[in-house]
Amino acid sequence: MALSRFLAMFLVVAVSIIPIISSTDFIVGDDNGWATGFDYQAWLQGKEFHVGDKLVFKYTKGKHNVMRVNSTGFQQCAVPPDSSTQGFTTGNDVIVLSSPGRKWYICGISNHCENGKMKLAITVQPQIGLGAPTSSPNPTPTPISDATGTSPIYSSWIVIIFALLIAIMF
């Protein structure tokens with residue numbers, strides 16, 4: 001009886017944390033951050049984005065911003081009319097990729113998009129996990145301190161959860 005209860009609880013916890021474990025934080029531009037003159041097309045090489053992943057835009061507050069745009073806005077480097085709801089300005093903007101499809105981002109300051117090449121277009125794939133379709137394998141992630149990979153905090157939570165489960169069992 002106790003064993004079946006333990007297994008049921010373990011399955012609930014495991015299924016709950018799988019999407020969290022499989023998410024990846026991508027620091028846009030790695031150590032360069034969100035800056036003029038950086039080749040974001042080259043940065044995209046070998047990266048695959050999934051629902052649940054996060055884009056982290058790091059820049060000096062007030063010097064740049066991040067605007068969500070559509071494909072036309074991306075091509076024309078045009079700031080959307082509703083930029084107050086589409087823009088990010090903190091200097092450490094975290095955008096959770098919540099749906100699959102194409103996503104476009106630009107810097108709306110001065111001519112940073114046109115001349116500074118501050119524009120990023122990505123394709124977000126469905127979430128990896130139970131029942132999700134899989135695509136080609138991802139490259140081996142590196143630690144978040146190197147700009148990609150699963151955050152060490154998630155690994156800590158896994159250890160804590162297993163320790164609690166063992167404590168409950170005995």
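Me: Which way do strand 7 and strand 8 run, and how many bridges join them?
Reply: They run antiparallel, with six bridges joining strand 7 to strand 8. Strands here are DSSP runs of E with at least two residues, helices are runs of H or I with at least four residues, and both are numbered from the N terminus. Two strands pair if DSSP finds at least two bridges between them. Before you go on: this is a predicted model, where local features need pLDDT of at least 70, side-chain atom pairs count only at pLDDT 80 or more, and totals for chains, interfaces and linings use all residues. Residues are numbered from 1 along each chain as its sequence is written, and side-chain values use heavy atoms, with hydrogens and water left out.

Me: OK. What stands opposite Lys 103 in strand 8?
Reply: Ile 122 does.

Me: And how does strand 2 run relative to strand 8?
Reply: Parallel: two bridges join strand 2 (residues 49-50) to strand 8. Phe 49 has Val 124 as its bridge partner there.

Me: Switching to cysteines. How many disulfides turn up?
Reply: One, from a search of the whole structure, counting cysteine sulfur atoms within 2.5 Å as a disulfide. Cys 77 is joined to Cys 113, S to S 2.1 Å.

Me: Left-handed or right-handed?
Reply: Left-handed, because the torsion about the S-S bond of Cys 77 and Cys 113 is about -65 degrees.

Me: Are those two cysteines buried or exposed?
Reply: Cys 77 counts as buried at 12% relative accessibility, and Cys 113 does too at 3%. Buried means under 20% relative accessible area, exposed over 50%, and partly exposed in between (1.4 Å probe, protein chains only).

Me: Where does that leave Cys 107?
Reply: In no disulfide; the nearest cysteine sulfur belongs to Cys 113, 8.0 Å away. Cys 107 is at 2% relative accessibility, so it counts as buried.

Me: Now rings. How many aromatic pairs are there?
Reply: Six across the whole structure. Rings of Phe, Tyr and Trp (its six-membered ring) pair if their centres lie within 6.5 Å; planes under 30 degrees apart are stacked, over 60 edge-to-face, and the rest tilted.

Me: Why is the Phe 57 and Tyr 105 pair called tilted?
Reply: Because the planes are at 55 degrees, with the ring centres 5.6 Å apart. Phe 57 is in strand 3 and Tyr 105 in strand 7, so the pair ties together parts 48 residues apart in sequence. Both residues are buried.

Me: Which residues form the aromatic cluster?
Reply: Trp 34, Phe 38, Tyr 40, Phe 57 and Tyr 105.
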